Amino acid sequence: MKLGVFTVLYQNLPFEVMLDKLSEMRVEAVELGTGNFPGNSHCNPDVLLDNPEKIKSFQRSIESRGLTISALSCHGNPLHPDVKIAREAHNVWRKTVMLAEQLEVPVINGFSGCPGDHLGAKHPNWVTCSWPPEYAEVLDWQWNEVVIPYWKEEAKFAEHHGINQIAFEMHPGFVVYNPETLLKLREHVGSSIGANFDPSHLVWQGIDPVEAIKKLGRENAIFHFHAKDTYLDQSNIKVNGVLDTKHYSKVLDRSWTFRSVGYGHNEKVWKDIVSALRAVGYDYVLSIEHEDMLASIDEGLMKAITLLKGTLFKEQLTEMWWA
């Protein structure tokens, strides 16, 4: 396994300065945003696409520092009921597919998207309950009339460009938010649908990341991994439950908060996660996503790097000599 970083945390640094910084931190891979929510500060498809010289120079900058690109990331909502927003997200997705082909990057990370409740809706509608019955009707319309048809078409587009790993972050607010909904979309669209497994969005839903890794790993449905932690405030959970719409800055009042690796769950939990990944045959990149408002960018990232470096397995498995 390799240790990587989602470079959006250094989006204000020039590309090569960012690479130098991560190389000095002994990181091995970078995950690059290409637009939509992550922005495209370090990897702009409009600059690189169909420009072989710039592509070559871009790759040389990364490879000369001993780094690889783990994934291109274009998290957006191409199913947004606002046609303009949806079109922009869709265009970034398609450009990202074509750029991944030219950069020979095998994985694209993103969100499944979330439609509204009908064609004329203004905002997305994330359905979280089955009653009153209109919610079930909305969910049925979203999946059968919008989500499945869209991703069937886009999986074909990606496959045409040599991309067979579309990695969705299971994220509340979008139709794919847990292993069950991910596997539902995979069942209807095909094996190119998988997970960018980010435990931080799962643990507060009550999901055990180790069990979820085992479930998705048996289906060969884990394509990428985000190393991000979440602190669960049990006192607030006991009063208000886990659904929390307060701003992320309300740390003392919220039921859960994003943290650097090790500050939500201890080292043993992360060792269990890494062991489960190895047990299901995942041998790719753990890409740190740093969104901890209680730690500076540099210090929070180094805390995560330090913990994970002592946790990852670096050598290949040997024969089971004892049995």
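Contact here means heavy atoms within 4.5 Å. The model is a predicted one, where local features need pLDDT of at least 70 and side-chain atom pairs count only at pLDDT 80 or more, while totals for chains, interfaces and linings use all residues. Residues are numbered from 1 along each chain as its sequence is written, and side-chain values use heavy atoms, with hydrogens and water left out.

**Exercise 1.** Work out how helix 1 packs on helix 3, and which residues meet.

*Solution.* Start with the elements: helices (H or I, at least four residues) and strands (E, at least two) are DSSP runs numbered from the N terminus. Axes are lines fitted to C-alpha atoms, for helices over the stretch in contact, and angles run from 0 to 180 degrees between N-to-C directions.

Step 1: helix 1 (residues 15-24) and helix 3 (residues 52-63) have axes 10 Å apart, at an angle of about 25 degrees. So helix 1 is roughly parallel to helix 3 (angles under 35 degrees count as roughly parallel, over 145 as roughly antiparallel, 65 to 115 as roughly perpendicular and the rest as oblique).

Step 2: on the helix 1 side you'll find Phe-15, Glu-16 and Leu-19, which meet Phe-58, Ser-61 and Ile-62 of helix 3.

Step 3: sort them by class, with Ala, Val, Leu, Ile, Met, Phe, Trp, Tyr, Cys and Pro as nonpolar, Asp, Glu, Lys and Arg as charged, and the others, Gly among them, as polar. This contact comes out as four nonpolar, one polar and one charged.

**Exercise 2.** Now do it for helix 6 and helix 7.

*Solution.* Step 1: helix 6 (residues 179-189) and helix 7 (residues 209-218) pack at about 10 degrees, axes 11 Å apart, so helix 6 is roughly parallel to helix 7.

Step 2: Pro-179, Leu-182 and Leu-183 of helix 6 touch Ala-212, Lys-215 and Leu-216 of helix 7. That's five nonpolar, no polar and one charged.

**Exercise 3.** Describe the lining of the largest cavity.

*Solution.* Step 1: on a 1 Å grid over the protein atoms alone, a cavity is a set of points where a 1.4 Å probe fits but cannot get out, and lining residues have an atom within 4 Å of a point. Grid points are joined across faces, edges and corners, and a volume is the space filled by probe spheres set on the points.

Step 2: the largest cavity holds about 80 Å³. Of its 14 lining residues, Cys-74, Pro-78, Trp-93, Phe-111 and Trp-151 are closest to the centre.

Step 3: strand 4 gives the most, three residues. By class, the lining has nine nonpolar, five polar and no charged residues.

Methods:
On a 1 Å grid over the protein atoms alone, a cavity is a set of points where a 1.4 Å probe fits but cannot get out, and a pocket is an open set with protein on both sides within 12 Å along at least five of seven lines; lining residues have an atom within 4 Å of a point.
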